[in-house]
Amino acid sequence: MRPTILAGALFAIGSLSAAFAQSSGPIKLADVAELSGGGATVGTNWKNGIDLAVEEINAKGGILGRKIEVTHADSQSNPGVARAQVQKALDDEPYVLLGPGYSGSVKVTAPLAADAGITQIMGGEAAELTQMGDKFLFRTSFGQQSSMPKVAKYINDELKARSVAVVWVNNDFGRGGRDVIVKEFGRLGITVVADQSTEAGQSDFAADVSKIKAASPDAVFIYLNEEESARILKEIKRQGVTAPLIGETTLVGQKVIELAGGAANGARGHVGLTTDAPVDLIKQFRDKFVKKYNYVPDHNGIKGYLAVYMVKATTDKMGKVDPKAFADTLHGLTIKATEEPGMLMDVTFDEHGDIDRQGFLVEVVDGKQVVTQVLPKLH
Amino acid sequence: MSANGRYLRIAAGLVVIAALIAIPANFNRYGLFILSQWAVMTIAAMGLNLTLGYAGQVSLAQGAFVGVGAYASAILTTHGWPLPAALGVSILTSFIIGWLLGYPALRVQHHYLAFVTLAFSTLAFLVFRNESWLTGGIYGISNIPRPHIFGFATNKPLPFYYLCLGSLAIVSLAVWWLIRSPWGRAFMSLRENPLRAQSLGVDTRRYTLMAFAIGSALGGVAGGLYAPLTQYIDPVPFNLSLSLDLLMMVIVGGSGFFFGPFLGAMIAVLLPEWLRFTQGYYLMLYAIAVIVLLIWSPTGILGILDRFLANRRTKTASALRAVAKSRLETVQ
């Protein structure tokens, strides 16, 4: 039974080191992300974005003259493990907690961070996360409750579609988006003629697409992860479905275009964060990221990068490193990209921790993501 | 075994129990969470050890039973039931489902049985995910309350750890008794030679079903505690990988040894945590460690100990024999 005693010693050392206060030395950030398991792509992008931002900020002298130190912990894409890792991170009293990205993992960890009075900047996009009354939780991207109405509005106003087929992936991401947009369609009087649930990792979409074809909708809304999006686009092309294809972020992502090739042409969608946005700062970010990691990040990479700059901008605004006042300062804060270029775009945080920022409507033309319309920031 | 050896073992056991009670009192919340997780997983692995280790029935569904127990307890406690009552339902539900799953085991064995249980595991996952009216679907169930036991609130990590430890103690005593009872011997006869067991009058049919049902019920107990431990459940943690994890715990600890699941769960829960300092490599190192261990000793950690003890006993016996022989020779 010696390992137990060893564990005890290790834990004891861990809690001792936590006793060092935040008053001097580096500013400690703790990241808990999906570095293995089903969410590995999400978590790894998020982590790389964080590391890039930390490196940049430290190279310029840190925040208020103090360097940033970030620790990464793997949640294995499992809420139980996420809870343990967040607990461990909180026991070390970080300045701010970053992550996780999966909504289920956010749900289980947010009460812990709130109890500890530590701000949590997360990647989750499920609508309900910021509606739980948590005073310490902030988004880095649009929640589904703000992105989906924009997509529904586009389908209603621009495409004038009266019937629509919805294809979604049956996990918390897909299901959450599907529930919001179907409600929105109902409000706009658009009929959902096919409601197709698919599996994460599904490779054959023939049956799903033939059902869509049989329903002959005016438009098809596709909400799948990147690889599955590419597969369904190919199948849709093969079966000759001609209705416009609309998505949110994933459908028109860089990875989908690479995988689907010509089949991605014509796909449209709303994108909150895209490395192809016609914004100079985002282009610069993309170049820096590609230089460091040798691949083009998806929106999760940008989210991780923004999370760290949110910490910097808020701390600069306070003029001191104060974990207790952090959340209060960030609520209602507007950060302009001209003042803090790391934020890439002007952004405002509301009292729920939700984000207000410009968004983009894009279309894939000749294998390239083209921004057709910039949706302005609301406030 | 000599009287001395027995006292030594009892003393060692008491020291371990005292350590498990006293040392964690100073742990931080993370340490307590991990230890509680260890206690819960040990209970689930003990169940599988009964089914697989003692009765020899391969099951890849133990994770699903943890899920059944977790959902039963989560649904009921969020509707205001006290945990002990919810736990009772968890146990009963998994017992009944386990019993039913035992029927295929009467017809198929070994890897065929593994496939049947694997199918059940997938089926359970689909039910957890798709029956959203009951299970909350992919959104899961949040805000699962932690119970009051005899008036004590277990909201804080330390009391909850003691609840898990206490449950582990009760389950351990029950299993200890079970495997020493005629039932336990009947289970082992199923594993060693079912035909012979039958010829000796053991009702193999009933004991096979029982081995499944009791093993699954312990999975249910573990699940019933897992839900209030994490206070949020969704279908993902109960997919096939948990069943495989539990299977690994049993085999690595030593399948068919009483203390096997304790050690196996310790390796599966604590080893990855200790290896986390290696950052991105921790899961890889963990996997390598397990592979090396199983190559070195296919019978698990306790298999090593068992071999060592058997060796020593043989040597002692030989030495005694040699002495006796020489005495005899001197007399002559």
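**View 1. Parallel pairing of strands S9 and S10 in chain A.** Strand S9 (residues 245–248) and strand S10 (residues 268–271) of chain A run parallel and are joined by three bridges. Within this pair, A:Glu248 stands opposite A:His270 in S10(A). Helices (H or I, at least four residues) and strands (E, at least two) are DSSP runs, numbered from the N terminus. Two strands pair if DSSP finds at least two bridges between them. Strands of a sheet pair through backbone hydrogen bonds, either parallel or antiparallel. The model is a predicted one, in which local features need pLDDT of at least 70 and side-chain atom pairs count only at pLDDT 80 or more, while totals for chains, interfaces and linings use all residues. Residues are numbered from 1 along each chain as its sequence is written, and chains are lettered from A and ligands numbered from 1 in the order in which they are written.

**View 2. The open sheet of seven strands in chain A.** The strand order is S7-S6-S8-S9-S10-S14-S15, with mixed pairing. At the edges are strand S7 (191–198) and strand S15 (368–375) of chain A, each pairing on one side only. From one strand to the next the twist averages 25 degrees. Helix H7 (residues 206–215) of chain A lies across strand S6 (163–169), S7 and strand S8 (219–223), and runs at about 175 degrees to S7(A). Axes are lines fitted to C-alpha atoms, for helices over the stretch in contact, and angles run from 0 to 180 degrees between N-to-C directions.

**View 3. The hairpin of S14 and S15 in chain A.** Strand S14 (residues 359–365) of chain A runs antiparallel to S15(A), and seven bridges join them. A:Val364 has A:Gln369 in S15(A) as its bridge partner. Two residues separate the strands of this hairpin, and A:Asp366 in the turn has a positive phi of about 50 degrees.

**View 4. The two domains of chain A.** The domain assignment, which is automatic or from a database, gives domain 1 (10–142 + 278–357) and domain 2 (145–271). Their C-alpha centres lie 30 Å apart. Twelve residues from domain 1 and twelve residues from domain 2 take part in the contact; two residues are in contact if their C-beta atoms, placed from the backbone, lie within 7 Å. On the domain 1 side, the contact residues divide into five nonpolar, four polar and three charged. Here Ala, Val, Leu, Ile, Met, Phe, Trp, Tyr, Cys and Pro count as nonpolar, Asp, Glu, Lys and Arg as charged, and the others, Gly among them, as polar.

**View 5. The contact between chain A and chain B.** Chain B gives 30 residues and chain A gives 28 residues. On the chain B side, the elements that give two or more residues are helix H1 (3–22), helix H2 (29–54) and helix H12 (260–274). H2(B) gives the most, with six residues. The chain B side divides into 17 nonpolar, nine polar and four charged residues.

View 6. B:Asp234 lies in the loop between helix H10 (204–230) and helix H11 (240–253) of chain B. B:Asp234 is buried because 28 other C-beta atoms lie within 10 Å; the cut-offs are 20 or more for buried and 12 or fewer for exposed, with partly exposed in between, and C-beta atoms are placed from the backbone. Apart from neighbours within four places in sequence, B:Asp234 is in contact with A:Pro79, A:Gly104, B:Ile138 and B:Gly140.
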